[in-house]
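Reader: I would like to learn how to read a structural model feature by feature, with the general idea set out before the particular case. Could we work through it together in that way?

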Amino acid sequence: MPKNSIAIVNAGGSNISSLTFALDRIKASYITTNQIAQIEDSSHVILPGVGAANDAMDKLKKSNLIEVVRNLKQPTLGICLGMQLLLDHSMENNVNCLSIIEGRCKAFSQQDKCPVPHMGWNNVNFNKASPLTEDLDNDDYFYFVHSYYAPITNSSIGITDYSESFASIIQKDNFYGTQFHPEKSSDQGSKLLRTFINL
Amino acid sequence: MKDGQVVKGIQFKNHEIVGDIIDLASRYSHEGADELVFYDITASPDRRSVDRKWINLVAKEINIPFCVAGGIKTIADAEEVLNYGADKISINTPALKNPDLIEQLAKRFGSQCIVVGIDSFAIKNNYKVHLYTGDPDQSKESSKTTNSWISEVQDRGAGEIVLNCMNQDGVREGYDLGQLREMRNLCKVPLIASGGAGKMSDFYDVFNQADVSGSIAASVFHKKIIDISDLKKYLQKKQIEVRL
């Protein structure tokens, strides 16, 4: 396979045009697929996230992708819900996820200064070095839209403060996840995507 | 937006063309805007929904979130706009004509992408919501006070409120701080100030004195009176948290 043949896992026809436009802007080539062979043969995999955790897990199950994703050896990036799916469990409809990275997603509680969903620009503190963030400026801003969050664990490489402090970037081996949307996060987001496809 | 061009008026009248949609979108995202909002101002007065061809072009061009408004009256209208690549939709006149629409949209797409725009006209300290504001001949007062409508749209699931203070629109004499402060106290969701920005200190005042979550401006950017990156550096110096 050529370098930078990215497979975007889309098991359920969700709207991922923002992501594909962002990849077009950095001149990356990709396919959108739920075919096992195409995903396994790709150089990089992106697991986008739109919708609810249980729906997304159902769709992965129906396409027989649970074990396929778990066993990926190439750099793999989960975005937003896609990052949460890498964890053990999500409180969103109480669903078991892929258990690639340790952690259980919880819901934000509604608070005066911190409405739910958490929506908008927020900064990310790189608490641990990672190849994904080495070209980025610490404490730079990224664009978030989410109601559930991943707890801070040994796998957290970026941390963000809202009503709770939470893991905004995670990594374990070849698996990476960002709670924010790099495809909507201006130049810093483009830089992160470019770094990822060069891993 | 009108006929494929970006236009700007004064107090919602006498609109003049200020530029091409894609050129301006690209310029503002490079200057450091955090979000762009596109109003198809004649959609509701013309009884049509927003013309959508340009949404896809904008989505391809810029790498920041954007919101589209203009005659979104149904779930299908909203779905189409979001599928073309908009991150949020904003409804104004259609929400006043059919308040249930807010609930339907929030349930289907989530509150995070449902913005309610409110055009508020002040007579002394009485604030009334107006509709069909995109066309001066049709613009009229609704039966609702701004205060009651702000509470109602949140109860119905709005995730964000943009308050256009009509008296201040396009005149560049500063935001309506009194009105915004009063309405801020009614808001659990982000309140975005709109209408009246003329100089950098107006932005400082609206964040500092009205505690809004964001501010929208058009004329000062369209007419190149204020550069967005200069504005953000100024705000940061004044201890307002901004993304640089």
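Reader: Which residues have the most contacts inside the largest nonpolar core, and how many residues does that core have?

Author: As a general idea, nonpolar side chains in soluble globular proteins tend to be buried together. In this model, which is predicted, the largest nonpolar core has 77 residues, and those with the most contacts inside it are B:Phe66, B:Leu180 and B:Phe203.

Reader: What is B:Phe203 in contact with, leaving aside its neighbours within four places in sequence?

Author: With those neighbours set aside, B:Phe203 is in contact with B:Tyr175, B:Ala197, B:Ser215, B:Ala217, B:Val220, B:Phe221, B:Ile226, B:Leu231 and B:Leu235. B:Phe203 is also one of the buried residues of helix H8 of chain B, residues 200–210, and the others are B:Asp202, B:Tyr204, B:Val206, B:Phe207 and B:Ala210.

Reader: Turning to the interface, how much area do chain A and chain B bury between them?

Author: The size of an interface is often given as the accessible area lost when the parts come together. Here chain A and chain B bury about 1,900 Å² between them, with 50% of it on carbon and sulfur atoms. In chain A, the residues that lose the most area to chain B are A:Phe21, A:Met119 and A:Lys184, which together account for 29% of what that side buries. Counted by residues, the contact takes 21 from chain A and 27 from chain B.

Reader: How many residue pairs are in polar contact across this interface, and which elements of chain A supply the side that touches chain B?

Author: The rule finds ten residue pairs in polar contact across the interface of chain A and chain B, both residues being at pLDDT 80 or more. On the side of chain A that touches chain B, helix H1 (17–25), strand S8 (118–123), strand S9 (141–146) and helix H6 (186–197) each supply at least two residues, and the largest share, four residues, comes from H1(A). By class, that side of chain A has eight nonpolar, seven polar and six charged residues.

Reader: How many salt bridges does the rule find across the interface, and where do the partners lie?

Author: The rule finds one salt bridge across the interface of chain A and chain B. B:Asp87 forms a salt bridge with A:Lys184, and the closest N and O atoms are 2.8 Å apart. The pair joins two chains, because B:Asp87 lies in the loop between helix H3 (75–83) and strand S5 (88–91) of chain B, whereas A:Lys184 lies in the loop between strand S13 (175–178) and H6 of chain A. A:Lys184 has a relative accessible area of 4% and is therefore buried.

Reader: Where do A:Arg70 and A:Glu67 lie, and how many residues apart are they?

Author: A:Arg70 and A:Glu67 are in helix H4 (residues 66–70) of chain A, and they are separated by about one helical turn because they are three residues apart. Their side chains meet in a salt bridge, at 2.6 Å from N to O. A:Arg70 counts as partly exposed at 32% relative accessibility, and A:Glu67 is partly exposed with a relative accessible area of 45%.

Key:
Residues numbered from 1 in each chain as written. Chains lettered and ligands numbered in written order. Predicted model: local features only at pLDDT ≥ 70, side-chain atom pairs only at ≥ 80, totals over all residues. Heavy atoms only, no water. Contact = heavy atoms within 4.5 Å. Buried area = accessible area lost by both parts, 1.4 Å probe. Salt bridge = Lys/Arg side-chain N within 4 Å of Asp/Glu carboxyl O. Polar contact = N/O pair within 3.5 Å; in protein donor to acceptor, adjacent residues only side chain to side chain. Nonpolar A, V, L, I, M, F, W, Y, C, P; charged D, E, K, R; others polar. Core = buried A, V, L, I, M, F, W, Y, C linked by side-chain atoms within 4.5 Å. Buried < 20%, exposed > 50% of the residue type's maximum accessible area, 1.4 Å probe, protein only.
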